[in-house]
Amino acid sequence: MRREKRIIPVSSGKGGVGKTTIALNLALALSRHGRTLLIDLDMGTSSVRNCVDVLVQRDLYHFFKKNYSLSDCATTLSTRIDPKGEYKNFAFVAAPQHLIEDVTNFDRAKRERLIDAINRLDADFIVLDLKAGLDPSVTDFLPHSNSGILIFTPHLIAATMAAADIVKAIMFRKLRTVFAPDSPLYHEMKGVPPALINALIDRVEDPYDSPIHDLDAFIDDLHHALGDHPIIRYVASAIDSFVVHFVINRFNGIRESYETAIKPFARALAENVTAHLAIEHLGWVVSHAKIDESNVRRVPVLIAKEDRAPARADSAMNELSRLAARYGKPRPAPARKPKAARADGAHVAAPYLDGQLDMLRRMQDDLGGVTYRENFLYIAYRVLHMIDSRRPGDFGDTRLYKRSEIAQALARRGR
Ligand SMILES: Nc1ncnc2c1ncn2[C@@H]1O[C@H](COP(=O)(O)OP(=O)(O)O)[C@@H](O)[C@H]1O
Ligand SMILES: [Mg+2]
């Protein structure tokens, strides 16, 4: 089946949580199903090339400085690490090996050049290994309708909070484009001065400025001030159509992962962004010495020969795919409640959290006997099923939108 190209950004609030490991092995797994390109946008640490033992002839330096096309900067695996050519549909674009100021910290013009090039690429799956943090070299590469794949990990609360902040950044970036003076939605604001709304957005975004500390309160305020205004519909649909997808790395059992990763994440979203976001768990990767070792030896886990366990038979792969398909339908976000019925974020999130725990238990039952390598395959199957069963903007996207295009896309979706 020929799919529409899908761009899948992998991000985390902080470094060291397993972004590169997961992006790389996910891209390898996806390449068995279509042409896949992994792009290392973590400039400065250039981590993908350090995890794959092949000679890189051209990288993003050549794209930015030497005018090579992006596809001419891609590196494929050598027959030494992929002797049977099982991953011939996989290639990666490495970040520059050395720090070069204007390539590493690239400005808006360079970002847009890269976005255009990514949008022109001919591939089925494009996986982006983003850098940690929240500057435009991260947010400009995230879809406006979903989070791509966020990685966080038990017991690293700071990274989990930073992952929630990524969601906040995407949402506010979207709101600011909607309410920009040159927004195509401007004429629908019917006499509402954008300066007023932007001042309100500033206050909501600023966590030190209570009482409007989340987007739900923002909508209530808009409602109060404007009555039943079309602009509120855009804002509400921008929030309600958004889905957060995440993967837990270094999974260490249901209780630990739930209490020290998923629950704090969902609460942070409810308290600082909105209690109406749908969050979707795409799987986990256990902590395993072989995973770390494969990065050190520079042969990705999925390719590395296992010592004892033989490769799984096709029937087992089909089983994994079938299990992944069980979660084909998106779980609806919690319903929007009027202000009076809302307590603080912690309470709003409670019933939804129960659903997350339930999902974890079901996944635990499904994945009980799988190996650490199959953790990556399962995530890839979840991704494939989502791509095949949902609209493009529901997961990843078919293209990256430049700032100027986001409001146009939103206007189409809200109508
Ligand atoms: N599931 C895991 N089990 C064991 N080691 C891991 C696992 N995930 C990541 N690591 C190790 O943790 C370190 C950080 O992982 P990496 O993928 O580079 O994170 P990031 O890209 O988020 O900075 C690496 O040394 C990697 O080998
Ligand atoms: Mg990395």
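**Reading the model, one feature at a time**

A: Let's begin with one residue: Arg 250 lies in strand E7. Keep in mind that this is a predicted model.

Q: What is the phi of Arg 250, and how do I read it?

A: Most residues other than glycine have a negative phi. Here Arg 250 has a positive phi of about 55°, although it is not a glycine.

Q: Is Arg 250 buried or exposed?

A: For burial, you count neighbours: 20 or more other C-beta atoms within 10 Å make a residue buried. Arg 250 has 21 of them within 10 Å, so it is buried.

Q: Where is Arg 298, and what about its phi?

A: Arg 298 sits in the loop between H12 and helix H13 (314-325). Its phi is positive too, at about 65°, and again the residue is not a glycine. With 14 other C-beta atoms within 10 Å, Arg 298 is partly exposed.

Q: How do I look at a ligand's surroundings? Which residues come nearest to ligand 1?

A: Start with the nearest residues, then see which elements they come from. Around ligand 1 there are 17 residues, and Gly 18, Lys 19, Thr 20, Thr 21 and Asp 292 come nearest. Helix H1 (19-30), strand E7 (243-251) and helix H12 (289-297) each supply at least two residues of that shell. By class, the shell has 11 polar, 3 nonpolar and 3 charged residues.

Q: Which domains is the protein chain divided into?

A: There is domain 1 (6-173 + 243-394) and domain 2 (177-237 + 404-414). Their C-alpha centres lie 30 Å apart. Where they touch, the contact takes 11 residues from domain 1 and 11 residues from domain 2. On the domain 1 side, H7 gives the largest share, 3 residues.

Q: How many residues are in the largest nonpolar core?

A: That core has 117 residues, and Leu 26, Val 127 and Phe 152 are among those with the most contacts inside it. H7 gives the most to the core, with 11 residues. Looking past its close sequence neighbours, within four places, Val 127 is in contact with residues including Ile 8, Ala 23 and Leu 38.

Q: How do I check a helix such as H15?

A: Compare its expected span with the distance between its ends. At 1.5 Å a residue, the 18 residues of helix H15 (residues 372-389) should span 26 Å, and the end C-alpha atoms are 26 Å apart, so the two agree. H15 is also mostly covered, with 14 of its 18 residues buried.

Technical notes
Residues are numbered from 1 along each chain as its sequence is written. Chains are lettered from A and ligands numbered from 1 in the order in which they are written. This is a predicted model: local features need pLDDT of at least 70, side-chain atom pairs count only at pLDDT 80 or more; totals for chains, interfaces and linings use all residues. A residue is near a molecule or strand if its C-beta atom, placed from the backbone, lies within 6 Å of it. Helices (H or I, at least four residues) and strands (E, at least two) are DSSP runs, numbered from the N terminus. Ala, Val, Leu, Ile, Met, Phe, Trp, Tyr, Cys and Pro count as nonpolar, Asp, Glu, Lys and Arg as charged, and the others, Gly among them, as polar. Domain bounds come from an automatic or database domain assignment. Two residues are in contact if their C-beta atoms, placed from the backbone, lie within 7 Å. A nonpolar core is a set of buried Ala, Val, Leu, Ile, Met, Phe, Trp, Tyr and Cys residues joined through C-beta atoms within 7 Å. A residue is buried if 20 or more other C-beta atoms lie within 10 Å of its own, exposed if 12 or fewer, and partly exposed in between; C-beta atoms are placed from the backbone. The expected span of a helix is 1.5 Å times one less than its number of residues.
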